[in-house]
Amino acid sequence: MDDKTTEALGKLRKALETTERARGHLYSFHQLTGTADFELGDAITLLREAGHPDHAKRVQRELLGRNVLPGRWTFQVVEEYDDMYYEVFREVERAVRDDLADGQRHVFEKELKRERQRRSAEAYDD
């Protein structure tokens, strides 16, 4: 495989790995937002018990179970990201890799490993 193709596949793989990280952050966003919503429930109960029913009502009315985007909870954001972007990204990366590298992953890194180990071995020859 020529150097430009190897480099291109490396960039494509790095882009996929970056997307994997972004997806992980999106799942963190989803879980943290859900946890916050359950904490709101506890806050509402405590506000009522402490004699602050008006504040409890406001928190419940304006925040509890609120959409994070118009018409969407975080699970819907995650599902749409997965379906509209992440899965397509994975499919395209795999198709390019299958066609150009017989399905091998991390082609660039494999070449980098060989080169760095060669350089390391040369240091012993000095």
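Student: Arg97: buried or exposed?
Tutor: Arg97 is buried, at a relative accessible area of 7%. Buried means under 20% relative accessible area, exposed means over 50%, and partly exposed is in between (1.4 Å probe, protein chains only).

Student: What kind of model is this?
Tutor: It is a predicted model, where local features need pLDDT of at least 70 and side-chain atom pairs count only at pLDDT 80 or more, while totals for chains, interfaces and linings use all residues. Residues are numbered from 1 along each chain as its sequence is written, and side-chain values use heavy atoms, with hydrogens and water left out.

Student: What does the chain average in pLDDT?
Tutor: The average is 95, and 99% of the residues score at least 70. pLDDT is the predictor's confidence in each residue, from 0 to 100.

Student: Where is confidence lowest?
Tutor: In H4, with a mean of 85. Helix H2 (residues 53-62) is highest, at 98. Helices here are DSSP runs of H or I, at least four residues long, numbered from the N terminus.

Student: Back to Arg97. Which side chain does Arg97 meet in a salt bridge?
Tutor: That of Glu93, at 3.0 Å, N to O. A salt bridge is a side-chain nitrogen of Lys or Arg within 4 Å of a carboxyl oxygen of Asp or Glu. Glu93 and Arg97 both lie in helix H3, four residues apart, about one turn of the helix.

Student: Glu93: buried or exposed?
Tutor: Buried, with a relative accessible area of 3%.

Student: How many salt bridges are in the whole structure?
Tutor: The search finds eleven.

Student: Where is the place of His106?
Tutor: In the loop between H3 and helix H4 (107-125). His106 is partly exposed, at 29% relative accessible area. His106 touches Arg13 and Glu17, not counting residues up to four places away in sequence. Contact means heavy atoms within 4.5 Å. His106 and Leu12 are 94 residues apart in sequence, and 9.8 Å apart in space, C-alpha to C-alpha.

Student: New topic: aromatics. How many aromatic pairs?
Tutor: The rule first: rings of Phe, Tyr and Trp (its six-membered ring) pair if their centres lie within 6.5 Å; planes under 30 degrees apart count as stacked, over 60 as edge-to-face and the rest as tilted. By this rule there are three aromatic pairs. In one, the rings of Tyr81 and Tyr85 have centres 5.6 Å apart and planes at 45°, so the pair is tilted. Both lie in helix H3 (residues 74-101), four residues apart.

Student: Why is the pair of Tyr85 and Phe89 edge-to-face?
Tutor: Because the planes stand at 70°, with the ring centres 5.6 Å apart. Phe89 is buried, at 17% relative accessible area. Tyr85 is partly exposed, at 41%. Ring pairs link Tyr81, Tyr85 and Phe89 into a cluster.

Student: Which residues does Thr19 touch?
Tutor: Tyr81, Tyr85, Tyr86 and Phe89, leaving out residues up to four places away in sequence. Thr19 is in helix H1 (residues 3-49). Thr19 counts as buried, at 6% relative accessibility.

Student: What sits over the ring of Tyr86?
Tutor: The charged end of Arg23, 4.2 Å from the ring centre. The test is NZ of Lys or CZ of Arg within 6 Å of the ring centre and within 35 degrees of the ring normal.

Terms used
Helices (H or I, at least four residues) and strands (E, at least two) are DSSP runs, numbered from the N terminus.
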